[in-house]
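Hello,

Here is the structure I promised to pass on to you.

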Amino acid sequence: MATTSYLRSEGDASVREDVLGLIEQLTAQENQFLSGLGKTVAINTVHSTLTDTLRTAASAAVEEGVDATLLARTTPTRVTNIVQTVAIPFAVTGIQEAVDHYQGENELVRQTRKAMADWGNAAEFDIVRGTTASGASGTAAKLKGIISAITTNSTTQTSGTTLNASHIMAILQDVYDKGNGEMVTDLFVGGLMKRRISTFTTSNTKYVDASNKVAVDAVDVYETDFGRLRIHLHRFVQQSSDANARLLGVNMDKWKLAYLRKPFIQELAQAGDASKRQVIGDLTVEARNEAVNFFLDGFLKAA
């Protein structure tokens, strides 16, 4: 049977495609979690992942020939999170599209690109700082971000405490003891704490450009008794509204982003002489072992 009259998907510009890859490229520098964490799939608005524990390490020697004594076993437990919808809606009038602009491009295209960058920033903000809201009674559902999900190694210092190397060593010791030997891989800080860490006199790495003999005065790698920490500036970990300075230590392999719908550009119903669109998508954070991460708060905001 001839199929020449069939409407096919090939070449259809209205087919929805996710734009996550483009968002990752357009978004500002602090998108380490949005772009760096592994991706998985959510199938409902409440997302669950399973975690399990091993027996505490101890001798399991038995006497020759004796009957077996059964040991207690555990089953997996569910860790749940809310799937959050992130949307950046916008409209561009027909006149705005028609007139010439100094930037030399169509304004609808430019605003779409900006909206994708805004979507990435908004998602990154909640991945780091989000607090749970169920979405009941007409409110927006919100996911639990990484900082809120860390409970085992989350501490607040006495007001006025100045960060020093011993604080980082102590919390890394706690992570090692409570996390079955797995360790933090990356440290995320604001500008003041980045400068403060750069003043530590031992266990840091500064890079020297051999071609011009100029030392770069920045600590990008911190060598500790518990392994190497990669240090990142992140403007959502520390904001001006935060009363105290904060540090976020993360094992990047223990977190995933679960997408119900990866972000895409949705055409909205036109009303009047304007094109309406939104960048929209749904995601949540999977905490696969929060005990191998840490969050420190309460430090003096001073370098």
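**What I found**

Of the 303 residues in the protein chain, 38% are buried (buried means under 20% relative accessible area, exposed over 50%, and partly exposed in between, with a 1.4 Å probe and protein chains only). Please keep in mind that this is a predicted model, in which local features need pLDDT of at least 70 and side-chain atom pairs count only at pLDDT 80 or more, while totals for chains, interfaces and linings use all residues. Residues are numbered from 1 along each chain as its sequence is written, and side-chain values use heavy atoms, with hydrogens and water left out.

The chain has seven helices and 15 strands (DSSP runs numbered from the N terminus, with H or I and at least four residues for helices, E and at least two for strands). Among contacts with a separation of 6 or more, 76% join residues 24 or more positions apart (a contact is heavy atoms within 4.5 Å).

**The cores**

In soluble globular proteins, nonpolar side chains tend to be buried together. Here the largest nonpolar core has 35 residues, and those with the most contacts inside it are Phe 33, Leu 34, Trp 119, Ile 146, Leu 248 and Trp 255. (Such a core is a set of buried Ala, Val, Leu, Ile, Met, Phe, Trp, Tyr and Cys residues joined through side-chain atoms within 4.5 Å.) Elements that give it two or more residues include helix H1 (20–26), helix H2 (32–36) and strand S13 (255–267). Its largest share, seven residues, comes from H4. Apart from this core lies another, of 21 residues, with Met 183, Val 189, Ile 231 and Leu 247 among them.

The largest pocket holds about 390 Å³ of space. Of the 17 residues lining it, Thr 51, Asp 52, Thr 53, Asn 180 and Asn 289 are the closest to its centre. (On a 1 Å grid over the protein atoms alone, a pocket is an open set of points where a 1.4 Å probe fits, with protein on both sides within 12 Å along at least five of seven lines; lining residues have an atom within 4 Å of a point. Points are joined across faces, edges and corners, and the volume is the space filled by probe spheres set on them.) Strand S2 (46–51) and strand S3 (77–82) are the elements that give two or more residues to the lining.

**Two buried residues**

Asp 297 sits in strand S15 (residues 294–299) and is buried, with a relative accessible area of 16%. Beyond its neighbours within four places in sequence, Asp 297 is in contact with Thr 155, Thr 156, Gln 157, Asn 244, Ala 245 and Arg 246. Its C-alpha is 6.1 Å from that of Ala 245, 52 residues away along the chain.

Gly 130 lies in the loop between H4 and H5, and is buried at a relative accessible area of 1%. Not counting residues up to four places away, Gly 130 touches Phe 125, Leu 143, Lys 144, Gly 145 and Ser 148.

Best wishes
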